[in-house]
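Take a walk through this chain, one element at a time. The structure comes up next, and the explanation follows.

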Amino acid sequence: EKKKKRSRSRSRSRSAEGAKAKDGADTAAAKLELGPDEFMVTLAMTEGVKLGLDVDWKDGRTLYIKKVLDGAVSIWNKEHNEKSVQAGDRIIAINGHFDEPKVMLNECKTQKKLRLLVR
């Protein structure tokens, strides 16, 4: 019984992956459904430009934005009024990492492209 179940699930996942690849959809974006109060922020970090956020991660799951400072996020805000990041927002995930604030903060320090899921 186990062998049959495994082969079925494998064939399903292969066909699902194949379908996503054929239409050119990003598999991470295809899996992610945003809530009505959530939005994505994509930042290309350049040399010498800080992220520009003062955050708190006491809850152990998210990054609570205490203040937006000068940096990549304030530049984003000027270009995207409808999706601006504000004090009081929470970063739910960074580059697909969630529920681990230390890992999310490390992404900010080490990656040149950041995708922030903000609520």
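**From overall layout to local detail**

D59 is a partly exposed residue, at 40% relative accessibility. Here buried means under 20% relative accessible area, exposed means over 50%, and partly exposed lies in between, with a 1.4 Å probe and protein chains only. The model is predicted, so local features need pLDDT of at least 70 and side-chain atom pairs count only at pLDDT 80 or more, while totals for chains, interfaces and linings use all residues. Residues are numbered from 1 along each chain as its sequence is written, and side-chain values use heavy atoms, with hydrogens and water left out.

Start with the whole chain. It has 4 helices and 6 strands. Helices (H or I, at least four residues) and strands (E, at least two) are DSSP runs, numbered from the N terminus. In that direction the elements run α-α-β-β-β-α-β-β-α-β. Of the 119 residues in the chain, 29% are buried. The accessible surface of the chain comes to about 8,700 Å², and carbon and sulfur atoms hold 49% of this surface. These areas come from the Shrake-Rupley method with a 1.4 Å probe; for residues, only the protein chains shown count as cover. Now take the contacts, meaning heavy atoms within 4.5 Å. Among contacts with a separation of 6 or more, 52% are between residues 24 or more positions apart.

Next come the strands. Two strands pair if DSSP finds at least two bridges between them. β2 and β3 pair in the antiparallel sense over 4 bridges. Together they form a hairpin, with 6 residues between the strands. G60 sits in the turn and has a positive phi of about 75°. D56 stands opposite Y64 in β3. β3 also pairs with β4, again in the antiparallel sense, over 2 bridges. There L63 stands opposite I91 in β4. In a regular strand the side chains alternate between the two faces of the sheet.

Which residues of helix α3 are buried? In this helix, residues 72-79, the buried ones are A72, V73, S74, W76 and N77. Their cover includes β1 (39-44), β2 and β3.

The interior has a centre of its own to look at. A nonpolar core is a set of buried Ala, Val, Leu, Ile, Met, Phe, Trp, Tyr and Cys residues joined through side-chain atoms within 4.5 Å. The largest one holds 19 residues, and L43 and V85 touch the most other members. β1, β3, α3, β4, α4 and β6 (113-118) each supply at least two residues of this core. Leaving aside neighbours within four places in sequence, L43 is in contact with L51, A72, V73, W76, K112, K113, L114 and L116.

Now turn to the charged side chains. A salt bridge is a side-chain nitrogen of Lys or Arg within 4 Å of a carboxyl oxygen of Asp or Glu. By this rule there are 4 salt bridges. One of them joins K58 to D56, with the closest N and O atoms 3.7 Å apart. K58 is exposed, with a relative accessible area of 76%.

D59 forms a salt bridge with R90, at 3.3 Å between the closest N and O atoms. D59 lies in the loop between β2 (53-56) and β3 (63-68), and R90 in strand β4 (residues 90-94), so the pair ties together parts that are 31 residues apart in sequence. R90 is partly exposed, with a relative accessible area of 32%.

R61 forms a salt bridge with D99, and here the closest N and O atoms are 3.0 Å apart. This pair links distant parts of the chain: R61 is in the loop between β2 and β3, D99 in the loop between β5 (97-98) and α4 (101-110), 38 residues apart. R61 counts as partly exposed at 48% relative accessibility. D99 is partly exposed too, with a relative accessible area of 33%.

D99 also brings up the backbone. Most residues other than glycine have a negative phi, and most peptide bonds are trans. D99 is not a glycine, yet has a positive phi of about 65°. N95, in the loop between β4 and β5, has a positive phi near 50° and is likewise a residue other than glycine. N95 is partly exposed, at 26% relative accessibility.

Finish at T110, in helix α4. T110 is partly exposed, at 44% relative accessibility. The side chains of T110 and Q111 are joined by a polar contact of 3.3 Å. A polar contact is a pair of N or O atoms within 3.5 Å; within protein, one must be able to donate a hydrogen and the other to accept it, and residues adjacent in sequence count only if both atoms are side-chain atoms. T110 and M45 are 65 residues apart in sequence and 9.9 Å apart in space, C-alpha to C-alpha.
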